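Welcome! Please take a moment to look over the sequence and the 3D structure before reading on.

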Amino acid sequence: MAEKQTAGRDILGKFAPKFAELNDDVLFGEVWSREKELSPRDRSMITVSALIAGGNFEQLTPHLQKAKANGVTKDEIAEIITHLSFYVGWPKAWSAFNIAKEIYTD
């Protein structure tokens with residue numbers, strides 16, 4: 001079972017309480033917990049790919065950390081980003097690699 005998410009409430013709870021509730025309870029509570037339909041590892045790979053494709057690098061760091069915790073290896077992340085580079089753009093791949101290096105350096 002997925003760990004209870006509180007980042008929305010922690011970061012935006014006072015400023016945007018409804019958004020924080022939807023983030024924590026619906027997105028991370030209901031959607032991410034549907035593990036029979038799609039594993040957390042697969043969800044992480046899809047989410048990381050979507051964030052890179054959209055150039056949403058501010059959200060990439062926590063999702064790469066989550067991907068690592070969900071069992072996505074350094075070699076797999078490198079392959080995902082390499083593959084994506086041809087579809088989403090070389091500069092986005094460079095940006096993603098710079099963030100991934102930080103997360104996957106042990």
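Predicted model: local features only at pLDDT ≥ 70, side-chain atom pairs only at ≥ 80, totals over all residues.

Residues are numbered from 1 along each chain as its sequence is written, and side-chain values use heavy atoms, with hydrogens and water left out.

**Helix H3**

Let us start with helix H3, which covers residues 40–54. Helices here are DSSP runs (H or I, at least four residues), numbered from the N terminus. H3 has 15 residues and spans 21 Å from its first C-alpha to its last, close to the 21 Å expected at 1.5 Å a residue; the expected span is 1.5 Å times one less than the number of residues.

Several H3 residues are buried: Arg43, Ser44, Thr47, Val48, Ser49, Leu51 and Ile52. Buried means under 20% relative accessible area, exposed over 50%, and partly exposed in between (1.4 Å probe, protein chains only). The partners of these buried residues are helices H2 (17–31), H4 (57–69), H5 (74–88) and H6 (90–103). Just after H3 comes Gly55, with a positive phi of about 70 degrees.

**How the helices pack**

Two packed helices are described by the angle between their axes and the distance between the axes. Axes are lines fitted to C-alpha atoms, for helices over the stretch in contact, and angles run from 0 to 180 degrees between N-to-C directions.

| Helix pair | Angle | Axis distance |
|---|---|---|
| H5 and H6 | about 160 degrees | 7 Å |
| H3 and H5 | about 40 degrees | 10 Å |
| H4 and H6 | about 45 degrees | 10 Å |

Angles under 35 degrees count as roughly parallel, over 145 as roughly antiparallel, 65 to 115 as roughly perpendicular and the rest as oblique. At about 160 degrees, H5 is therefore roughly antiparallel to H6. Their contact (heavy atoms within 4.5 Å) involves Ile77, Ala78, Ile81, Thr82, Ser85, Phe86 and Val88 in H5, which meet Trp90, Lys92, Ala93, Ala96, Phe97 and Ala100 in H6. By class, this contact of H5 with H6 has ten nonpolar, two polar and one charged residues. In that scheme Ala, Val, Leu, Ile, Met, Phe, Trp, Tyr, Cys and Pro count as nonpolar, Asp, Glu, Lys and Arg as charged, and the others, Gly among them, as polar.

H3 and H5 pack at about 40 degrees, which makes H3 oblique to H5. On the H3 side, the contact uses Arg41, Met45, Val48, Ser49, Ile52 and Ala53, and on the H5 side Glu76, Ile77, Ile80, Ile81, Leu84 and Val88. By class, the contact of H3 with H5 has nine nonpolar, one polar and two charged residues.

For H4 and H6, the angle is about 45 degrees, and H4 is oblique to H6.

Is Phe28 buried or exposed? Phe28 sits in helix H2 and counts as buried because its relative accessibility is 10%. Leaving aside neighbours within four places in sequence, Phe28 is in contact with Gln5, Asn23, Ser33, His63 and Lys66.

Arg41, in helix H3, counts as partly exposed at 25% relative accessibility. Not counting residues up to four places away in sequence, Arg41 touches Asn70, Gly71, Val72 and Glu76. The C-alpha atoms of Arg41 and Asn56, 15 residues apart along the chain, are separated by 20 Å.

Key. Helix = DSSP H or I, 4+ residues; strand = E, 2+ residues; numbered from the N terminus.
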